[in-house]
6 protein chains.
Amino acid sequence: MSSFTHFNDQGRAKMVDITDKTSTIRTAIAKSSVQVNKEIYEKITQNAIKKGDVLAVAQVAGIMAAKKTSDIIPMCHPLALKGVDISFNWKNEEEEYHLLIRVEVKTKGSTGVEMEALTAASATALTVYDMCKAVDKGMIIGPTFLIEKTGGKNGDFKRDESLLDGLNVGDES
Amino acid sequence: MSSFTHFNDQGRAKMVDITDKTSTIRTAIAKSSVQVNKEIYEKITQNAIKKGDVLAVAQVAGIMAAKKTSDIIPMCHPLALKGVDISFNWKNEEEEYHLLIRVEVKTKGSTGVEMEALTAASATALTVYDMCKAVDKGMIIGPTFLIEKTGGKNGDFKRDESLLDGLNVGDES
Amino acid sequence: MSSFTHFNDQGRAKMVDITDKTSTIRTAIAKSSVQVNKEIYEKITQNAIKKGDVLAVAQVAGIMAAKKTSDIIPMCHPLALKGVDISFNWKNEEEEYHLLIRVEVKTKGSTGVEMEALTAASATALTVYDMCKAVDKGMIIGPTFLIEKTGGKNGDFKRDESLLDGLNVGDES
Amino acid sequence: MSSFTHFNDQGRAKMVDITDKTSTIRTAIAKSSVQVNKEIYEKITQNAIKKGDVLAVAQVAGIMAAKKTSDIIPMCHPLALKGVDISFNWKNEEEEYHLLIRVEVKTKGSTGVEMEALTAASATALTVYDMCKAVDKGMIIGPTFLIEKTGGKNGDFKRDESLLDGLNVGDES
Amino acid sequence: MSSFTHFNDQGRAKMVDITDKTSTIRTAIAKSSVQVNKEIYEKITQNAIKKGDVLAVAQVAGIMAAKKTSDIIPMCHPLALKGVDISFNWKNEEEEYHLLIRVEVKTKGSTGVEMEALTAASATALTVYDMCKAVDKGMIIGPTFLIEKTGGKNGDFKRDESLLDGLNVGDES
Amino acid sequence: MSSFTHFNDQGRAKMVDITDKTSTIRTAIAKSSVQVNKEIYEKITQNAIKKGDVLAVAQVAGIMAAKKTSDIIPMCHPLALKGVDISFNWKNEEEEYHLLIRVEVKTKGSTGVEMEALTAASATALTVYDMCKAVDKGMIIGPTFLIEKTGGKNGDFKRDESLLDGLNVGDES
């Protein structure tokens, strides 16, 4: 059984010492989603054609949140991110409208960027909620999860997305 | 059809003017969850008996994130929160372990605290992920949603939780 | 001669005590600008038609900076902003392209929002510079100035814009 | 025509991937200014002799803002700054008093520090405005611009200051 | 025995609900100190005569930290501070040089400002340490404590300073 | 006599240029303390047995503050911390209860981490004060000081703790 790495000798949380880890290229991809009603779906997509669109604001929020990750997550190491890319897709079926959010984060450093990708995905989704909540407060955010990570000595992670049946994932394209 | 309130005359996003809204008591309750494997479930609950527990750190993260909400969500108004309370429950069935997160936020102000509750719930869940990811990166965060809000002239919101079948909600107690 | 209000008895800076000031509606309008070359002008305006536009990002930056004002300006009182609206106009003449930025801030509080409007205008302009600097680093930001303020016992301020001849102000519309 | 580097395949903004850029010494020098009236000029310079001076506060604000740059400018990469130096000069002519602000930023990293220099110059100027606005709100900030940058594969930048006739630049010394 | 107010029903920390507390004038005075060697004492006091002085920077740091208090102290309520004043005194005896720091904070709100005064005093002292540590790292910060608070229903607090014998307090003047 | 390194040619503060310093492993250990009364001592230690304990919250606050150091201390260089560990001990004698706080910070970088350790120790102590102040506001924080640092060309620092007689240091264990 692998051990928790966030606790010190007094059984308390600490920021784990990563001084000895080598600096390598790290990537992580996370996904989230927002389930909205038809009215919100139509408004978001119609505004997207005009200049002011919900997704543009949400995307900026996600990128800025990625940079704030170590300020939000207590034991998370600060990392100088090298790249963040957020994209959107819609997956609609039978009056259910799912905005799919995909975040890719990249850096060169001594620890992974999973938390940055997950935090950016969450902030993006929360911003969509904020901008549409005057229409309907019933939106559902997520699930939010890691799709893959690369880099670091512990090996890569690749989620078997076929196991996510029922979650709002959508196809990679 | 109600209109989006976050866009100005140029079709761009703005922070909506709420100068004329009256200052009243506002509450919001949001929920999130983290689906973990058996090993993480056992480690979290066993550590909870000792001093250093994952949930204590996650809870502090959630409360601090509630205070950062208007710094994370671009069009969200800054609000002086008056109270934040985060509690945890487990809902386990057939080798599935769901940590349920419930956040209640309260203030007296001229706009609601839905975003603060949702942001706190998200940060709490993300922190659980961060502290347990050395064991397994397959954890799934959320769904994250609003349960209820009170205060303000637009009326209260109360989600019909029976419609959330299949989501990890758990009973209020 | 009116006295500086930011110094204490030791001749040092302090945050002036405003406990006795009454809470009233406060507004402020500030302007800034970015002088760009033809290539940048064309790229910004063409991208504005598509989804990803420079101005959308700059505007979000400006609104978020307005909320950070008291964190950036040392002696500035924290204020819960009630509304921020940023709009853009172009003023082009003889191969000179000026992006005009206009920020309007509103709150109800015991001190004015001039600094919030000026800070938002500056951050908006800086973001335009950041997003276009790969094309040309010769852009010129500003001048940046207050157009008007209302509220508070010291009276309103209204700049005589006819005195701004040669500055990139543009007409209000 | 060089292309905008801040947009992804969906035409949306992203934080550009700089993982492959090499870490080299980077410098940038930016300038701003504040045009003040005679009363403010005299007060600032007289207070400068005593302990509490406007410029000391403004300078601290500028240095702290340099460190916040990637938190203010959405697509700006976080960078660990190695040195920031801010200096002031006065350029007065015919009842016009111009406080000239010069910021030099240095780091070793994989992207330039133009935005840090420009942001610091802006925050310094805004703080001067804040501390003097009780005397006169008519002050004018800027123009604000880059003077030079070095480091990085895209070559250095050096502004021909003789083209800045009419702007408040002042001589380098 | 009075009860801890920071724990919820699960025995976990929460941000205490202060919605029902009335908004009144609140003040707090805190003190800290830095014990320095003769060389540092002389350098600080001599630089104070010139424009760049350690205390000017430390004071700005203290005021800005007061505004960040609720971001640093997890269960601390956000408060819009109305005034912060920091002053310095020296108390020297037998080759011991004590820089005394006194912070006074004032607001009108529904909770006290003790934490803001203590946090500002700490940040002021830490900044003095930072700026002088190239000369000697043996400086000692504090003790740091509350001198008095007023406002709120729980009554005022006034420390009997005669009990602080041996601590570096100095006389009020 | 060594010179202050924080002043530029105009006698003003600057962030010292460390571009030429080599990146090496850096460590620092700082200590602080909180003197509490018997009631608080008993409550903290009893709560420590249950899930919600003061020290767990204080420790999270300390670690998060370590990451915020360059945002709090104006001339402090930003640094990507690699590890932070905070531990507690009690030293009680004759109705005096001293909570001893020990912070160890580690990184690989071009400047030391003394300020990060001292800032974390201060924030930890301040949080203990905040969580217990409803019981007694007479608590005394600190003294706070550096115990040792390693790394960097200026040599290591090791405090002779026998000279700290009367300060609340406690034994290393």
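**Loops, helices and symmetry axes in a predicted model**

Let me turn to strands E2 and E3 in chain B. There, strand E2, residues 83–93, pairs with strand E3, residues 96–109, in the antiparallel sense, and the pairing extends over 11 bridges. If you want a pair to look for on the screen, B:Trp90 stands opposite B:Leu99, which belongs to E3(B). The two strands E2(B) and E3(B) form a hairpin with two residues between them, and in that turn B:Glu94 has a positive phi of about 50 degrees.

Next come the helices, and I will take chain F as my example. Helix H2 of chain F, residues 54–72, packs against helix H3 of chain F, residues 114–132, at an angle of about 140 degrees, and their axes are 7 Å apart. Why do we call H2(F) oblique to H3(F)? We do so because of that angle, since angles over 145 degrees would count as roughly antiparallel and those from 65 to 115 as roughly perpendicular, with the rest, apart from those under 35, being oblique. The crossing in which H2(F) passes H3(F) is right-handed. Among the residues that meet there are F:Ala58, F:Gly62 and F:Thr69 from H2(F), and F:Glu116, F:Ala123 and F:Met131 from H3(F). Sorted by class, the residues of this contact between H2(F) and H3(F) comprise 14 nonpolar, six polar and one charged.

In chain C, helix H2, residues 54–72, and helix H3, residues 114–132, have axes that come within 7 Å and cross at roughly 140 degrees. H2(C) and H3(C) are therefore oblique to each other, and H2(C) passes H3(C) in a right-handed crossing.

Staying with backbone details for a moment, there is a cis peptide bond from A:Gly142 to A:Pro143, with omega near 15 degrees. A:Pro143 is found in the loop of chain A between strand E4, 140–141, and strand E5, 145–150. In chain F, a cis peptide bond joins F:Gly142 and F:Pro143, and its omega is about 15 degrees.

Finally, how are the chains arranged? In general, two copies of a chain are related by a rotation about an axis and a shift along it. Chain B can be laid on chain A by a turn of 180 degrees and a shift of 0.0 Å along the axis, with an RMSD of 0.0 Å, and that is the relation of a two-fold axis. The C-alpha of chain B nearest that axis belongs to B:Pro143, at 2.3 Å from it. The same surface serves both copies, in that 100% of the contact residues of chain B recur in chain A.

For chain C laid on chain B, the turn is 120 degrees, the shift along the axis is 0.0 Å and the RMSD is 0.0 Å, which is the relation of a three-fold axis. Here the C-alpha of chain C nearest the axis is that of C:Ala80, 4.7 Å from it.

Technical notes:
Residues numbered from 1 in each chain as written. Chains lettered and ligands numbered in written order. Predicted model: local features only at pLDDT ≥ 70, side-chain atom pairs only at ≥ 80, totals over all residues. Heavy atoms only, no water. Axes fitted to C-alpha atoms, helices over the stretch in contact; angles between N-to-C directions. Helix = DSSP H or I, 4+ residues; strand = E, 2+ residues; numbered from the N terminus. Left-handed = near helix turned anticlockwise from the far one by under 90°. Contact = heavy atoms within 4.5 Å. Nonpolar A, V, L, I, M, F, W, Y, C, P; charged D, E, K, R; others polar. Pairing = 2+ DSSP bridges. Least-squares fit on C-alpha atoms with pLDDT ≥ 70 in both.
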